[in-house]
Amino acid sequence: MKPAPRADTPSALRAQALGVGALSAIDFTIPPGHILALSGPSGSGKSRLLRALADLDPHDGSVALGELTQTGVTGHRWRQAVMMVPADSQWWADTVGEHFPDGAAIDPTALGFGPEVMGWQVSRLSSGEKQRLALLRAVAHQPRALLLDEPTANLDPDTTTRVEAWLTELTRRHGWPVLWVAHDPAQIQRVADAHLRIAGTQLEAVACS
Amino acid sequence: MQLIDLAWWQLALAAGLVLALAACTQLARLDIGKTMLIAAVRTVVQLSLIGLVLEALFSVAALPWIALMALVMLLMAGREVTARQKRRLTGGWAFGIGTLSMFISAFSVTVLTLVAIIGPEPWYAPQYAIPLLGMMLGNTMTGIAVGLDRLTDAVWRQRALIENRLMLGHRWQEAIGEARRDAMRSGMIPIINGMAAAGIVSLPGMMTGQILAGAAPTLAVKYQILIMFTITVGTGFGTLVAVLAASRRLFDERERLRLDRLSTPLK
């Protein structure tokens, strides 16, 4: 009998015969520590694919993270491991800090915030600040895989570069499989190890230099 | 003291006043004259019919007939709860949850009050059972309808927020927690306010009726306190059960938020 994998062992994210919305019979594997870029025209189902991987919408096919299968655990445990960060993040409490798990090791300076950011009022955050803090918040929940829906859409070029460097470094260090929805070909060149594009009901591979 | 008899022509006098009001609203172009008159006619017809039914029921006083009457009242209340929700659970769940939670709360509290507190002989004596159940259902119905309406409306508007919490790995109970607490609170606030204002702002209807019928005010007050408490208990538990059940139904076995289980509002 092989020993059960430790909870933080890097594992590949594997989708088999996945079908949701217009997409059908989608297969792909993201190895640990790799970033897979996903592109496609708006309305082609990128967000729905991410939602299916996070098990937020009913879908066909199976998804697994290493030994962990989507149907093998409760919904919240799966989403805790395979964490989706939406393009438009939501905040329910008054201050930023209340949205972070207790005792989480967070380093806001990596994304250009001072430590006082945890006391900030959510209502006064700009959309760019919200986007960066949403990434920070997701990472603080200690996921094992990330699904990022246009994580730099509201950011200026400098901050974009900074967030890209931070995310790629974390991905390599923790061995997360990452699915990254992006539009900008230059960004895909910078961050992705592989690139899939939505074409009709299928995904087609795009060469990455 | 005997209750003074009311003749039909005396009621006609009051009806004349309603007509006068309808005429005035028509002159002021409020456009509610017709609705008001229809409602007035409905009052006369419905109350007269229920008067006949109650007279028959009181003279028979048999448990099966009283149970049938109670069942009809429950189903009508369930229908009313469903009608008062803007976005309701589809597939009969809105009616089912509303009716079941009223059955659990209003029925059991009424039976408990009859058997353990008032103790008429027999315990189902219709003079006590039917008015008591009517008051319970009427208030419980309002609490449950408000609670469910608030819940489904909040979930509809906060969809993105609830789903973002799910994405962070929160359990469905945490993700919907705020909306659920809010819905439960709004279902119970009217009856709490009612208790707080009783006797100062309003003289409750049942107490007024008993005093008119010749009961001693101190006894009428005792009955009113009992009714206030039982209504609060019935409304409170009914709202808790209904909101809990409905919020569970809004998520599936994978803890996904399933807004496709809500109907779109008519019109």
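Into which domains is chain B divided? In this predicted model, chain B has a domain 1, covering 1-60, and a domain 2, covering 61-261. Taken over C-alpha atoms, the centres of domain 1 of chain B and domain 2 of chain B are separated by 28 Å.

The two domains of chain B also touch. On one side, domain 1 of chain B supplies seven residues, and these are in contact with eleven residues of domain 2 of chain B. The side of domain 1 of chain B that touches domain 2 of chain B is made up of six nonpolar residues and one polar residue, with no charged ones.

Chain B also meets chain A. This contact draws 14 residues from chain B and 18 residues from chain A. Within the side of chain B that touches chain A, helix α6 (residues 159-167) of chain B gives the most, with six residues. By residue class, the side of chain B that touches chain A has five nonpolar, three polar and six charged residues.

The last part of the picture comes from a record. An unreviewed UniProt entry lists "transmembrane region" for chain B at residues 6-24, 60-78, 90-116, 128-148, 191-213 and 225-246. Two of these stretches can be followed in the model. Residues 225-246 of chain B are 100% helix and 0% strand, and the C-alpha atoms at the ends of residues 225-246 of chain B are 31 Å apart. Residues 191-213 of chain B are 65% helix and 0% strand, with end C-alpha atoms 26 Å apart.

How values were computed
Residues are numbered from 1 along each chain as its sequence is written. Chains are lettered from A and ligands numbered from 1 in the order in which they are written. This is a predicted model: local features need pLDDT of at least 70, side-chain atom pairs count only at pLDDT 80 or more; totals for chains, interfaces and linings use all residues. Helices (H or I, at least four residues) and strands (E, at least two) are DSSP runs, numbered from the N terminus. Ala, Val, Leu, Ile, Met, Phe, Trp, Tyr, Cys and Pro count as nonpolar, Asp, Glu, Lys and Arg as charged, and the others, Gly among them, as polar. Domain bounds come from an automatic or database domain assignment. UniProt positions are given in the numbering used here, feature names are shortened, and annotations may be inferred rather than shown by experiment.
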